Amino acid sequence: MTIEDRIEAAEGLFTRRGASFIADERVRVLLSAYREALEETARIFARNRIGAFCSACAAKVPGGCCFQEIEDTYDLVQLLANRLLGAPLPRTRLYAGQCIFLGPRGCTLLARDPFCVNYFCPEIKASLGPAAMKEIRTVVGRELTAGSELEQALRLRIPGVQPVRSPAFPAPAGKAPLRDFT
Ligand code: SF4
Ligand code: SF4
């Protein structure tokens, strides 16, 4: 299934069942906790000027590090979570060879995969230093926990989806991973 197919399926599910998910008290509580965690991440990213760092990088290296292959980590449930949070899903790819979720001002998603949220390139790590990185990773960890709790609740409510998401796509045989999280 292509990412376009998964986006189509998520839009269909959101149209059919979005209102009932939002009316579900447990989902509502988890959505609210996730929103708060996302806001906390946005605050610490802004304080550390990570967005500015990545924008400057993306201007030099088109798309920065948002490779096309990364979109394959997103499944139906993660895409639905984005719609429930109010993030639109793109119908077309803006930049050839780059992730379909990359927009003119960076990532268009709110519920992002750990693969995206947890990656900081060596230049960012060197620029911010270990103390700031430790604080950022703590905040990011809270976002990932909140996102995972919502995702699990949604999985339990959607017949036929896998109860646990498959791990992020493996590196091609014999090749280094696209991103190094160390
Ligand atoms: S994480 Fe690093 S490589 Fe990726 S866009 Fe930001 S500055 Fe560029
Ligand atoms: S989902 Fe967003 S952060 Fe992740 S690779 Fe795509 S555009 Fe970049």
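## Nonpolar core

A nonpolar core is a set of buried Ala, Val, Leu, Ile, Met, Phe, Trp, Tyr and Cys residues joined through C-beta atoms within 7 Å. A residue is buried if 20 or more other C-beta atoms lie within 10 Å of its own, exposed if 12 or fewer, and partly exposed in between, with C-beta atoms placed from the backbone. The largest such core here has 26 residues. Those with the most contacts inside it are Ala-10, Tyr-34, Leu-79, Leu-80, Ala-81, Leu-150 and Leu-154. Two or more residues each come from helix 1 (3-23), helix 2 (25-47), helix 4 (76-85) and helix 6. Helix 4 gives the most, with 6 residues. Helices (H or I, at least four residues) and strands (E, at least two) are DSSP runs, numbered from the N terminus.

Ala-81 touches Ala-111, Leu-150, Glu-151 and Leu-154, leaving aside residues up to four places away in sequence. Contact means that the two C-beta atoms, placed from the backbone, lie within 7 Å. In soluble globular proteins, nonpolar side chains tend to be buried together.

## Model and numbering

This is a predicted model: local features need pLDDT of at least 70, side-chain atom pairs count only at pLDDT 80 or more, and totals for chains, interfaces and linings use all residues. Residues are numbered from 1 along each chain as its sequence is written, while chains are lettered from A and ligands numbered from 1 in the order in which they are written.

## Ligand shells

A residue belongs to a shell if its C-beta atom, placed from the backbone, lies within 6 Å of the ligand. Around ligand 1 are Phe-53, Cys-54, Cys-57, Ala-58, Gly-64, Cys-65, Phe-120, Cys-121, Glu-123 and Ile-124. Helix 3 (50-60) and helix 6 (122-157) each give two or more of these. Helix 3 gives the most, with 4 residues. By class, the shell holds 8 nonpolar, 1 polar and 1 charged residue. Here Ala, Val, Leu, Ile, Met, Phe, Trp, Tyr, Cys and Pro count as nonpolar, Asp, Glu, Lys and Arg as charged, and the others, Gly among them, as polar.

Ligand 2 is surrounded by Cys-66, Ile-70, Glu-71, Cys-99, Phe-101, Leu-102, Cys-107, Leu-109, Arg-112 and Cys-116. This shell has 8 nonpolar, no polar and 2 charged residues.

## Two loop residues

Asp-113 lies in the loop between strand 2 (106-107) and helix 5 (114-117). Asp-113 counts as buried because 21 other C-beta atoms lie within 10 Å. Asp-113 and Thr-73 are 40 residues apart in sequence and 7.1 Å apart in space, C-alpha to C-alpha.

Arg-49 sits in the loop between helix 2 and helix 3. Arg-49 is not a glycine, yet has a positive phi of about 55°. Arg-49 is partly exposed, with 14 other C-beta atoms within 10 Å.
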